[in-house]
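Keep the picture open as you read.

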Amino acid sequence: MAPVVTSVSPTQGNPAGGTPVTINGSGFIGATVVRFGANLATNVVVVSNTQITARTPPGSGTAKVTVTGPTGTSTQNVFFTYATVAAPVLTALSPTSGPTSGGNTVTITGTNLTGTTQVLFGTTPATILTNTPTQITVTAPAGTGTVNVTATTPGGTSNSLPYTYTTVSAPTLTNLSPTSGPTSGGNTVTITGTNLTGTTQVLFGTTPATILTNTATQITVTAPAGPASVVNVTVTTPGGISNPLSYIYVAAPVVTGVSPQFGPDTGGNSVTITGSGLALASAVHFGPSLATGFTVISDSQLTATAPPGTGTVVVTVTTPGGTSTLGPGNPYYTYLGAPVINSLIPDEGSSLGGDSVTINGSNLTYTDSVTFGGVPASFSVLSDNLAVATAPAHAAGTVNVQLHTPAGNSNTLPFTYDPV
């Protein structure tokens, strides 16, 4: 089967010839001749069975592109137009220097840049990334010294602009802030050091972070997610890869219990908090209120001083891993008003004891003791306003009756023991 030509790129060029073109199709192995109309192309290279590169011969008007091989000549109607195209003109490079390793992006501005087929740094081709009539972006190749940058289009080869290869020092990291964070990531980490200009990548372990800002001495990034572990943070610039600094991924803390679960609404009492991941605690909250102090006992326990509050609240612990959320266990703490005794009915009884005494008051639900002159009495709580106690035996005379709840001691009222 004869060769098949499907396209030519670019589709137009200078009548003087010499335009580099790529011919696409099939059946090109063994091809010996490429013609533009009746004229033979030069510098013909069979790249593969589907691609040939060549330079156009001189010509005019529109010429059919054909490829001839051992099995015949292509017949498809693929055309190349000879047209006077203005030569490209370069006006600026940005940046005008870069590392000897290459790999950095260089923006080339000028005019007549449409259809750029090649950008050379000296004699080395650059990788073309984008191309408009007034701008080209390329990835610079490796090189040394100062070289001339030129661009080739169907209109010819441009003037040259100088580009200098410089030795760029490798980045050095000195500090991370913070040095730990949640496994979910998303927190901002500030990296300080030297030679950080042009950072292309920041890795937490093997996971890239999102770069937010970048100066010669500081980078801010959004940390990626990662499992609970210690990873190395490294920075890559045109100068190489930095030394590593350790960053700790911390699992979110868990609060499974608090003891006691009740306390006075004035706060100030000590509460033991149990759970996991508590060792790096930075704050403890009782609902919206910050504990007035806390002490870490272990990774599974800490003690905190309850702040003032009301009602039932959730106790949370904050660490670099985040703030604990509701889960297994009972992280609730209830604030209680101080108990109050309003009346005793009756307020006297036999010194032999055994009299049933009704105690009226408020905040009595969590009563845990009732005493008559310091002697414990048996009791039952009927409601937040009512309790019934059995007076213990006591010598004749008047004693103070008092009850206690997790919120503290109540006021006292007198009870008179009558002699038998």
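Which residue stands opposite Thr53 in S7? Thr22 does. Bear in mind that this is a predicted model.

S7 has another partner. Strand S6 (residues 42-48) also pairs with S7 in the antiparallel sense, here over four bridges. Ser48 stands opposite Gln51 in S7. The two strands S6 and S7 make a hairpin, with two residues between them.

Now look at the side chains of S7, which covers residues 51-55. They alternate. Ile52 and Ala54 point to one face and are buried.

Next, move along to an open sheet. It has four strands in the order S11-S13-S17-S16, and the pairing is antiparallel. Its edge strands are S11 and strand S16 (127-131), each of which pairs on one side only. From one strand to the next, the twist averages 25°. S16 pairs with strand S17 (residues 135-139) in the antiparallel sense, over four bridges. Thr127 has Thr139 in S17 as its bridge partner.

Most residues other than glycine have a negative phi, and most peptide bonds are trans.

Take the peptide bonds. Ser94 and Pro95 are joined by a cis peptide bond, with omega about -5°. Pro95 sits in the loop between strand S11 (89-94) and strand S12 (97-99). Another cis bond joins Ile345 and Pro346, where omega is about -5°. Pro346 is in the loop between strand S41 (340-345) and strand S42 (348-350).

Then take phi. Asn112 is not a glycine, yet its phi is positive, near 60°. Find Asn112 in the loop between strand S13 (105-111) and strand S14 (118-121). Is Asn112 buried, partly exposed or exposed? Asn112 counts as partly exposed because its relative accessibility is 35%.

Asn195 also has a positive phi, about 60°, although it is not a glycine. Asn195 lies in the loop between strand S23 (188-194) and strand S24 (201-204). With a relative accessible area of 35%, Asn195 is partly exposed.

Conventions: Residues are numbered from 1 along each chain as its sequence is written. This is a predicted model: local features need pLDDT of at least 70, side-chain atom pairs count only at pLDDT 80 or more; totals for chains, interfaces and linings use all residues. Side-chain values use heavy atoms; hydrogens and water are left out. Buried means under 20% relative accessible area, exposed over 50%, partly exposed in between (1.4 Å probe, protein chains only). Two strands pair if DSSP finds at least two bridges between them. Axes are lines fitted to C-alpha atoms, for helices over the stretch in contact, and angles run from 0 to 180 degrees between N-to-C directions.
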